[in-house]
Amino acid sequence: MDSAVITVLIAMLGGAIRVSTPFMFVALGECLTEKSGRINLGLEGNLVLGAMVAYAVSFLTGNPWLGVLAAGGAGLFLGALHGYICKLPKVNDIAVGIAMMSFGTGLAFFFGKPFIQPTAPRLDAIPLGDWTGNPALAQALQVNPLFFVGIILSVIMWWAFRNTKWGLIVRMTGDSAASAKAMGVSVDLVRFLATAAGGFLAGIGGAFLSLYYPGSWNQGLSSGQGLMAVALVIFARWDPIKCIFAALLFGAAGAIGPALQSVGISQGYYFFNAAPYILTLFIMIASARSKGAAREVPGELSITK
Amino acid sequence: MSFSLSRRSLLRAGAAGLAASALPFGLARAQTNVILGIVYVGPKDDFGWNQAHAVSVEALKALPGITVVEEENVPETDAVAKSMESMINLDGANLILATSFGYYKPFVVDLAAKYPNVTFRHAAPLWNKDTDPANAGSYFPYLNQAHYVNGVAAGLSSPTGKIGFVAAKPIPSVLSNINSVLLGARSVNPNATVQVIFTGEWSLPVREAEATNALVDAGCDVITCHVDSPKVVIETAEGRGVKTCGHNASQASLGPKGFITGAEYKWETIYKSYADDIAAGKTPPNFLVGGYNNDMLRNTPYGAGATPEAIKAADAAIEALKGGAPIYKGMLKDNAGNVVVDKDYDNYDPYLDGMNWLLEGVQGSIT
C-alpha cells in the first residue's frame, strides 16, 4: 500500500506539472484583465485559437517556438478585439466575452481542419528528474520551459502590481474608474491594453496544449479548460501568485482519478474524476467567506457593481 | 434567423426541381443511381470513429452510379434533422447514413416516417421492427473480434504481458472490447493481464493523456484504448516508449516505433451492399450485424511493434474468427469471482450484448 500511495503522489506531482501550465497562463491573463476592472469570459476562445495557430505555425515552419509566439499573437488579436468592443458605450463585457468565446473556437475549428491529421514538431521538455533513478519520478519531472515562464511571470506580475506605477494604474482603473479619470488616466486605454495582454497570455496557454501536453491539435482539445481557468482567478482572489497555486492544485487533483485507478482503487472513478471541481468548490466557499474577501475584489468588475 | 429562412426557400425550390426531374428519370432506366448522404458527428479526419466511416465512403466514390454527399460536425440535435432533410431535398439522396448513436431517436425515426421512399440506416443496433419505420434500419459490426486479434498480437509483443486499456465509458461494447483483448492475450500468454482506466467521457484529451501516463507508470508496456479519437493515447504512449494497439481507424502513422496493429471497422462492406441493393431496386436488410466472418472488420497492417510470432498468431486468430470461432468460451469468471460465462457463446449471442462485467485478469471496475 505504501508504494501505491507513493505512486499516486508521484502521479499528482506529475499531473500538477503537466496539466497546470495552460490554467496558469489563462488565469494570469484573466487576472491582469480583471485587475483593470473588466471581465473577459472569452479566454476559452483564445486558448483554442492559440492551440490551433501554434500547431499550424509549428507544422508549417518546423519551429515550435515560432508557433508559441504566433499563438500569443492570435490571443492578442482576440483580446484586443474584446477590449475595443467593450470601449464602445453601453457594451456588457460578459456578453462580449461569451461572443468572443464562440468566435475564437469557431475560427479555430474552421481554419484548423487541415491540421488535425499532420504531425507538427512539439516543444521539448527539460528532464529534471533523471538523477533520481526512479523512472516514474523522472517522468513526472519532465518539465516544459513554459511552466517556468508562467511561474516567473506570476512573480513579476505580483511585484509589479505592488511596486510599479504601471501596476498602480491598472489597480486604480480596476478599483475606481472615477479616481483614475481624476488622475488623468485613460481608463479605456488601460483596460484595452490589459485585455489584449491577457489575451496574449491565454493564447500561449493554448500553444502549450497543442505543442506539449497532450500535444496534438483536435477540436476537443481544450474541453472547457479556458472557462475553468477564469473561475480559478476568483478562487485565487485576484493574486497572481495564488493563481499559480490554484493551477497546480487543479492539475494535481486532475491526476487523482487516473492515478487511483492505476493502483487498483477503481471503484468510484466518476467521483475521483470530479475531484478538481469539488475541491475548487470547497476552497472557493472557504476563501470567499473570509473577512478580507470583499476587499480583494476589484471594485469596478461588472459582477460586483 | 435569415439563415433558416433562406434554407427553407431553397428546400422548396430544390424539391420542386427534383420532382420535375424525377419523372422522366424513373422511366428511362432500370438501374437506380445511388445518392448516398452521410452525416458525421465530428471531423472526418479525427483518427477515430468518423474517419473510419469517411475512409469507407471515400472508397465508394470511385464506383460508377454512386454520388456521395457528406456533412461533418453535425451535433446530435435538431441540426442533424436539418442536415438529413437538406440532403434529401436538395441533393436527392435516396440512402441516408446516420453515423452517431444519438442521431437515431427522434431524428432518424421521424424523418424516415416523413420520407418513406428514402432508405435510412443508423450505425448502432437500435432499430426495432415493431415500432420503427420499415425504411429505417441499423448496422453494426462487432469490433471486439478485431480487439481479440489486438490482444493476441499484444500478448506476444509485450515483454511483461501487462496491457493497459484507456476506456471511455463502461457500456457493453466497451467492456466487450476490454474482455476480448484479455482473452486474446491469454490465448497466447496465460499470465497476461489487462489494466483499465475509465476516463468517463468519449473525448477528453488531457485526461486520456493522464490515463496513458498512469498506465505506463503502473508497468503496462502495451497500451490500447476505446475512446472516440485515439490520437492522443497512441502518441502519448509512443512518446513514453511503449507499444500500442489502435482502435476504430488506422493509427499506424502515429506510432512508427511501437505500433502493433489496430481494430478497424470495414464499413465499406456494408455501404457497398446497401448501394448494390438500392441500385438493383431491392430493400437493404433492416438489421445488419457482423464481424470477421462476413468481412465487416479488419486489423491495421502490422507495425514495427509486432513481433514475428505475434503476426503469425494474429493471422491465425483472424482465420479462426472468419470461420466463426467463439471468443467467449466457458467457464470464465469475472474479476469479482462470479461465473459469468458458463458455456461457449456464439460471437453474436444476445447474452453478450448485455455485458456488465470485466473478466478475471482485468484490473479495473465498471462503477
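How many residues has helix α10 of chain B, and what distance does the helix reach from its first C-alpha to its last? Helix α10 (residues 308-322) of chain B has 15 residues and reaches 21 Å, close to the 21 Å expected at 1.5 Å a residue; the expected span is 1.5 Å times one less than the number of residues.

The model is predicted: local features need pLDDT of at least 70, side-chain atom pairs count only at pLDDT 80 or more, and totals for chains, interfaces and linings use all residues. Residues are numbered from 1 along each chain as its sequence is written, while chains are lettered from A and ligands numbered from 1 in the order in which they are written.

**Chain B as a whole**

Chain B has 11 helices and 15 strands; helices (H or I, at least four residues) and strands (E, at least two) are DSSP runs numbered from the N terminus. Because its radius of gyration is close to the value of the globule rule, chain B is as compact as a globular protein of its length. The radius is taken over C-alpha atoms, and the rule is 2.2 Å times the number of residues to the power 0.38.

| Property of chain B | Value |
|---|---|
| Radius of gyration | 22 Å |
| Box of the C-alpha atoms, along the principal axes | roughly 70 × 40 × 35 Å |

Of the 367 residues, 56% count as buried. A residue is buried if 20 or more other C-beta atoms, placed from the backbone, lie within 10 Å of its own, exposed if 12 or fewer, and partly exposed in between.

**Two domains**

An automatic or database assignment divides chain B into domain 1 (9-17 + 30-136) and domain 2 (144-264 + 297-363). Their centres, taken over C-alpha atoms, are separated by 31 Å. The contact takes eight residues from each of these two domains; two residues are in contact if their C-beta atoms, placed from the backbone, lie within 7 Å.

**The two sides of α10(B)**

In α10(B), the buried residues are B:A310, B:A313, B:A314, B:A317 and B:L321. They lie on the same side of α10(B), because they cover an arc of only 100° around the axis; the arc is that of the directions from the helix axis to the C-beta atoms. On the other side of α10(B), B:P308 and B:E319 are exposed. The buried residues of the helix pack against α5 (144-157), α6 (172-188), β10 (259-265) and β12 (297-299) of chain B. Just after α10(B), B:G324 takes a positive phi of about 90°.
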